[in-house]
Amino acid sequence: MTQDVLDLKFIDSELTDIINKTICPLTLDFFTLDSLEEINIFDLNYVDFYFQYLLPNFDILSAEKNIFFLNKLLEYFTIEKNSDYKSISHPLISGEGINTLKGSKVFPFVKNGVQEFTLISKLFDPTFKKHYFELNYPDLEHSKENIEIFRYLGIRSKFKKNDIVNQFKKISSDVFTEKTPLEILIERARFLWKSEKCVKVFNELLQLNIVPVMQSNIIGSRKISLGLMPITQVCHHQYEDLYFSVKLLQDVDIPYPAEYNLIDYEKIFENFVNLLTNIRDWKLIQVNGNLVTDPKIIQMLISMCGYLDNYTGNFSSELVERIQRIPVSNSTSFIEFTDIVMGTNANNLKPFFNILPSSFSTFRNFFSKIGVIELNVNIIVMRLNRFLHNEIDTEGIRSLNYLYELLFSFTREFETYKNEHSPLPVFTTKGFIKPSDQVYSFSGVSETRLKKSFYQIHHSIQEYANELGVQELSLELREELDNDLTNLENENPIINSLANFFNTLIKENQEFISRVKSLRLNNILNITVKSGDIRTKIFYKGEDITKDSKTECFYDQSNSTLYLDREITKNEAFNYLFNSTGSNVIFSIVSNLQKEFVSQQPTTDDNLLYQSDDSYENEKNQCRYHNTIALRNFQLAETLLNNQTFIREASYHYYVSTEMSMKSLLVFNYNNIPYGFSITRLRGLLSRISFTPETIPQIPDLYNNYRHTHLKNQEINRDELLQFRSISSQLLDTSNQKLNE
């Protein structure tokens, strides 16, 4: 025991005398304190001595001695094996003594290089040092046993909310000062994020650089090394594919509050753009022997689009402008992100539009916000107008055909548009797009006969001439017989001239002509046919533009005279005859009309229904009857199809033709049910006919669908009508083949 202890005023004289007599003061040092246990004065042990004599005079003793005495006291704590700090106990240290020790500022620590003393509850668990925290730790031995004693006495082994905020703020400020190595700051942040109290102070941490991050391996990610960033600039692991500029380290799990929105649409979009603008770095892999863009990258883009499609706000125009191309899945191809439209059935719309790849076509809300447009009447016409007077190549012609078909499918919208806008862009046979007021339909006019050049509507859209506002060139031209050059044949009835032949047939077929009311051929009865070397003059706005005066046909409406060149075939002559009055009968119908027209005994509907004693012959007559009705309806439908105004009527006649052909087949094969009409029987029948195409057995179902849906619609879908037209044609051919067996 030192002289300082022996001279303390509170030690009574009797004890002082005993100690002085027993131990020489001059030789007493710190280590002779053990002899007090041997003195055993009044059964006084070291623990009692510390609490009764040393602790009350703590301020008088030197710091060095107080630390020594405290370390000695700690040796009197018993630590049971395999136990935690709560099981520490010693019979000589009463609960009152423990509480006294907890409430005494006897625990040393070093602050700013100066040693001070404080309560154990004001100091921090030495294990925090492993995570490089600069805190007030006990300036005592940090053995495992001592640490457990510190915890038992109440040392701070957890951070409070204020501690977490302060420590995070210190980390954030040190990121820029570089006073502390980055690895140490990251380790501190890792440890702090494990505290459940972070949720309670989350809003105070949002702008601090305290989230450990590192660069993502994903193409297009922001170039960033190991570091610390604010919460608002990083993403949760589960959303790394959505906005992967940076990512959390794998051992960091941010405890987000329930109300915090983890999805930042603007950052997702930023990374969507980053990924697209780094296309040149994308990885190509082999899939089924083909080199394609890594499907994982495509899937990442699709995942982003899935979230962005739900966003109700707008995206940065600067970021949108950075998008130059978008990939096509299962290939190495890319679509330019200019003049881009939503996915369509077309494979290509160049040079007019780029089509959004099909893998992205379902995200219409998102892509419409960043400039991808839906095709409509206004968009199509405006784009075609941009190509006015431009020559279109072969690829462009295919695109034009699709665009025109799509344009006319918007029936009502197009009708409204064309009433408010004119002229419309029209593709011509010369390969240029021209305004409709500069384009003509050349029906009945041979361009080779004209010395003036005109733009003719392209044959692919000829049927839409009226809708586009294209005029018939013949309406703009005036043609008259050149009497000086025309040389007519002698009209002597004895001479077998073309004129005599047709004039005779017209007289002999008056009844038949009158019966074909749907084709309006009655005016033929008033026509006089003349033949020879026919020459005419052609005038345009008063100007004679005739280049070649020779013509095969000229109909002079003023005197109902049809002039036919003597050298043309009878087939051509029939075509001119049936169309001379403006009936516009198509060639397939002309051919059938011609057969009946020259027949010695023209066929009538009644002739088909005569009864015979031969049942097979009767069935065949019934089939022929239905076939004839089917043929005439099909021919009429073909005529009406060329005129958009009569498209509904065409649809109806295709339907009737189909039904009659099916009845013909059923009657022929089920002779005991003359008029039996069963879809089930028909389906079975067509399946058994080996020479029919594979699609034939599906016809009954297609017919039923058409009857129940298509015919009831106010608007006729042209694509579906053309499909049904094919069905009608196939059935008619099949029925004819069965009839001719």
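The accessible surface of the protein chain comes to about 39100 Å². Carbon and sulfur atoms hold 46% of that. Areas here are Shrake-Rupley with a 1.4 Å probe, and for residues only the protein chains shown count as cover.

Ground rules next. This is a predicted model, where local features need pLDDT of at least 70, side-chain atom pairs count only at pLDDT 80 or more, and totals for chains, interfaces and linings use all residues. Residues are numbered from 1 along each chain as its sequence is written, and side-chain values use heavy atoms, with hydrogens and water left out.

How far does confidence go? pLDDT is the predictor's confidence in each residue, from 0 to 100. The mean for the protein chain is 78, and 76% of its residues reach 70 or more. Over residues 1-43, pLDDT is below 50. Beyond near neighbours in sequence, that stretch has 53 contacts in the model. Contact means heavy atoms within 4.5 Å. Residues 672-676 also have pLDDT below 50, with 6 contacts beyond near neighbours in sequence. Where pLDDT is low, the predicted coordinates should not be read in detail.

Now the overall fold. The protein chain has 28 helices and 23 strands. These are DSSP runs numbered from the N terminus: helices are H or I with at least four residues, strands are E with at least two. Of the 741 residues, 48% are buried. Buried means under 20% relative accessible area, exposed over 50%, partly exposed in between, with a 1.4 Å probe and protein chains only. Take contacts between residues at least 6 apart in sequence: 63% join residues at least 24 apart.

Cysteines. How many disulfides does the structure hold? The count is 0, with a disulfide taken as a pair of cysteine sulfur atoms within 2.5 Å. Cysteine 198 counts as buried because its relative accessibility is 0%. Cysteine 305 is also at 0%, so it is buried.

On to sheets. Two strands pair if DSSP finds at least two bridges between them. Strand 17 meets strand 20 (residues 536-540) over 5 antiparallel bridges. Leucine 477 stands opposite tyrosine 540 in strand 20.

Another open sheet of 3 strands has the order 15-14-16, and its pairing is parallel. Strand 15 (455-456) and strand 16 (471-472) each have a single partner strand, so one side of each is left without a neighbour in the sheet. Strand 14 (residues 439-441) pairs with strand 16 in the parallel sense over 2 bridges. There, tyrosine 440 has glutamine 471 in strand 16 as its bridge partner.

A helix now. Which residues of helix 22 (residues 570-579) are buried? They are Ala573, Phe574, Leu577 and Phe578. They lie on the same side of helix 22, because they cover an arc of only 125 degrees around the axis. That arc uses the directions from the helix axis to the C-beta atoms.

Last stop, arginine 325, in strand 8 (residues 325-327). Arginine 325 counts as partly exposed because its relative accessibility is 31%. Leaving aside neighbours within four places in sequence, arginine 325 contacts Leu276, Ile279, Phe334, Ile335, Glu336 and Phe337. Isoleucine 279 is 46 residues from arginine 325 in sequence, and 8.3 Å away in space, C-alpha to C-alpha.
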